[in-house]
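Student: I'd like to learn how to read a model like this one, feature by feature. Can you take me through it?

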Amino acid sequence: MIEPSDVLSARTRFSLGARFRSVIYAWRGLRRLVHGEHNARIHLAASLSVAAAGIWLRVSMNDWRWLVLAMAMVWLAEAFNTAIEELCDRIEPGFDLVIGRIKDIAAGAVLIASLAAALIGVLTLGPPLWVLVQQ
């Protein structure tokens with residue numbers, strides 16, 4: 001007979017294979033996010049554009065920290081929003097007023113993150129771009 005403590009200890013043992021599989025699952029989730037969500041593809045294009053601009057403008061390491069944080073914030077918000085939407089659709093496939101409000105709030109979080117990231121981008125990339133335009 002299997003004791004509950006045996007099951008718990010088996011689940012908490014470290015396994016390199018399990019860690020590797022968890023990374024594979026995470027990459028699969030990111031791939032699904034990008035391939036399945038139009039807004040994620042927009043975020044990808046924006047992230048690549050910001051990275052290219054940062055390289056081109058040779059921004060400082062401190063500025064890169066802000067840019068990476070801003071991009072990560074948007075990606076996290078989009079991933080959580082997508083997960084919440086999929087969960088809500090699974091729970092209630094039809095229209096439900098409360099589910100609609102939940103999805104709107106999650107989408108609002110993406111909007112907040114995106115606006116903050118855009119402001120960080122302007123504050124970080126704007127001054128060196130302005131100097132370049134003035135020359």
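Student: Let me start with Asp89: is it buried, partly exposed or exposed?

Tutor: Asp89 is partly exposed, with a relative accessible area of 38%. Buried means under 20% relative accessible area, exposed means over 50%, and partly exposed lies in between, using a 1.4 Å probe and protein chains only. One caution: this is a predicted model, where local features need pLDDT of at least 70 and side-chain atom pairs count only at pLDDT 80 or more, while totals for chains, interfaces and linings use all residues. Residues are numbered from 1 along each chain as its sequence is written, and side-chain values use heavy atoms, with hydrogens and water left out.

Student: Which residue forms a salt bridge with Asp89?

Tutor: The general idea first: side chains of opposite charge can pair when their charged atoms come close. A salt bridge here is a side-chain nitrogen of Lys or Arg within 4 Å of a carboxyl oxygen of Asp or Glu. In this model Lys103 pairs with Asp89, and their closest N and O atoms are 2.6 Å apart. The pair links distant parts of the chain, since Lys103 sits in helix H5 and Asp89 in helix H4, 14 residues apart. The structure holds one salt bridge.

Student: What span should H5 have, and how far apart are its ends?

Tutor: Helices are DSSP runs of H or I with at least four residues, numbered from the N terminus. The expected span is 1.5 Å times one less than the number of residues. H5 covers residues 97-134, so its 38 residues should span 56 Å, and the end C-alpha atoms are 53 Å apart, which agrees.

Student: Where does H5 bend?

Tutor: The bend at a residue is the angle between axes fitted to the seven residues ending there and the seven starting there. H5 bends by about 40° at Gly126, with a proline, Pro127, following within four residues. At the start of H5, a side-chain oxygen of Asp96 comes to within 3.1 Å of the backbone nitrogen of Val98.

Student: What do the buried residues of H5 pack against?

Tutor: They pack against H3 and helix H4 (61-91). The buried set in H5 includes Ile99, Ala106, Val110, Thr124 and Leu125. By contrast, Ala116 of H5 is partly exposed, at 29% relative accessible area.

Student: Which residues make up the largest nonpolar core?

Tutor: A nonpolar core is a set of buried Ala, Val, Leu, Ile, Met, Phe, Trp, Tyr and Cys residues joined through side-chain atoms within 4.5 Å. The largest has seven: Ala70, Val74, Ala77, Val110, Ala113, Ala117 and Ile120. H4 and H5 are the elements that give two or more residues to this core, and H5 has the largest share, four residues. There is also a second, separate core of five residues, including Val59, Leu67, Met71 and Leu125.

Terms used: Contact = heavy atoms within 4.5 Å. Polar contact = N/O pair within 3.5 Å; in protein donor to acceptor, adjacent residues only side chain to side chain.
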